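Here is a short briefing on one protein model.

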Amino acid sequence: MNQVSTKKILVTGGTGFVGKALLKQLSAKGYDIIAPVRQKTAYLPDGVVAPIVEDICSLPEHSDLFNGCSVVIHVAAKAHVVGESLEEFRRVNTEATLNLATLAAKAGVKRFIFLSSIGVNGISNKEPFTSFDKPAPVENYAISKLEAEIGLTQLSEASGMEIVIIRPPLVYGPGAPGNFGKLIQLVYKNLPLPLGAIANKRSLVALDNLVDLIITCINHPNAANQTFLVSDAEVVSTTELLTSMILASGNKPRLLPIPMSWLKVIGRLTGKQSVIDRLCGDLQVDASHARNVLGWTPVITQREGIERCFLKDI
């Protein structure tokens, strides 16, 4: 299989948490980048071409966005929205993705890299998820991502455009949104927390590690039509994670060793069972497929990734 020749790359979601970090690294490596945005912004690296696209969900059939592009990296998505309907997730994460990919294929794009979610595999496990497991999404967000994956695979078979799917677990780093961002806010408050006896096993991925895998998939010939799970090398418990975060913030851990069984009872009584399940549950990722196929390994340790979350100059 021939290596993809990269002349110009289109990146969606360039103003988001992952997208900004990705554009920064691509720019530093000298890539020619197009990053469509909803409105003019100053938060893009110098040299990035940023055409205004008010709604990526309704690109015209003859869009010239892809002129000269050999690779599309699709990061934009609807996420971190509680209670959103499956229909709305589908509109953005499935339908817009497949419309974008269809236009890309017609324009002669060689490779389409899609940032999916480990939620496609499921929300918890006792044995690590792998790239070859049967999908078992539970939440609307993950269902919409799986439907996009299926559509992209069909499009690839019909058009010949190469597809690369990447499923990360929780992504953390400076300015992280969602649950990790809430944990950072909690850590800074330095309150006593009843989370000192959680012995679960969870895989996370540092922003730097995720971005490095995405960039590896731009040109690597073996990435074509593959699905990769990605994670840090380390597996961590919620208690260990919070301890590391608190120490990185400069505070002293104040975690009370409340048994998990008590926490689950409290969750049921307070209507926060899903929150407790996430805090106490296992979700391990086996990223060996990326290592075996691409020779990829994480570029930073989990400790380094967590410390970077609390550095003021990043």
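S1 and strand S2 (residues 33-34) pair in the parallel sense over two bridges; two strands count as paired if DSSP finds at least two bridges between them. Helices (H or I, at least four residues) and strands (E, at least two) are DSSP runs, numbered from the N terminus. This is a predicted model: local features need pLDDT of at least 70, side-chain atom pairs count only at pLDDT 80 or more, and totals for chains, interfaces and linings use all residues. Residues are numbered from 1 along each chain as its sequence is written, and side-chain values use heavy atoms, with hydrogens and water left out.

- Leu-10 has Ile-34 as its bridge partner in S2.
- S1, helix H1 (residues 17-28) and S2 form a right-handed β-α-β unit. Right-handed means that, with the strands pointing away from the viewer, the path from the first strand over the helix to the second runs clockwise.
- S1 also runs parallel to strand S3 (residues 71-74), joined by four bridges. Here the bridge partner of Leu-10 is Val-72.
- From S1 (residues 9-12), Ile-9 and Val-11 point one way, Leu-10 and Thr-12 the other way, and all are buried. Buried means under 20% relative accessible area, exposed over 50%, partly exposed in between (1.4 Å probe, protein chains only).

**The three-stranded sheet**

- An open sheet of three strands has the order S6-S7-S9, with mixed pairing.
- Strand S6 (170-172) and strand S9 (235-236) stand at the edges, each with a single partner strand, so one side of each has no neighbour in the sheet.
- Strand S7 (residues 202-206) and S9 run antiparallel, joined by two bridges. Ser-203 has Val-235 as its bridge partner in S9.

**Helices H5 and H8**

- H5 (residues 207-219) is mostly covered, with ten of its 13 residues buried. Among them are Leu-207, Asn-209, Leu-210 and Asn-219.
- In H8 (residues 273-280), the buried residues are Ile-276, Leu-279 and Cys-280. They cover an arc of only 85 degrees around the axis, which puts them on the same side of H8. The arc is that of the directions from the helix axis to the C-beta atoms.
- These buried residues of H8 pack against helix H6 (238-248) and helix H7 (260-270).

**Nonpolar cores**

- A nonpolar core is a set of buried Ala, Val, Leu, Ile, Met, Phe, Trp, Tyr and Cys residues joined through side-chain atoms within 4.5 Å.
- The largest nonpolar core has 61 residues, of which Ile-73 and Ile-166 touch the most other members. H5 gives the most to this core, with eight residues.
- Apart from it lies another core, of 21 residues, among them Val-53, Val-109, Phe-112 and Leu-155.
- Beyond its neighbours within four places in sequence, Ile-166 has contacts (heavy atoms within 4.5 Å) that include Ile-113, Ser-116, Leu-210, Ile-214 and Val-230.

**Two buried residues**

- Ser-116 sits in the loop between strand S4 (111-115) and helix H3 (140-159). Ser-116 is buried because its relative accessible area is 3%.
- Leaving aside neighbours within four places in sequence, Ser-116 is in contact with residues including Tyr-141, Lys-145, Glu-149 and Arg-167.
- Ala-290 lies in helix H9 (residues 288-294). Its relative accessibility is 0%, so Ala-290 counts as buried.
- Ala-290 is in contact with Leu-213, Phe-228, Leu-229, Gly-295 and Trp-296, leaving aside neighbours within four places in sequence.
- The C-alpha atoms of Ala-290 and Ala-142 are separated by 21 Å, and these residues are 148 residues apart along the chain.
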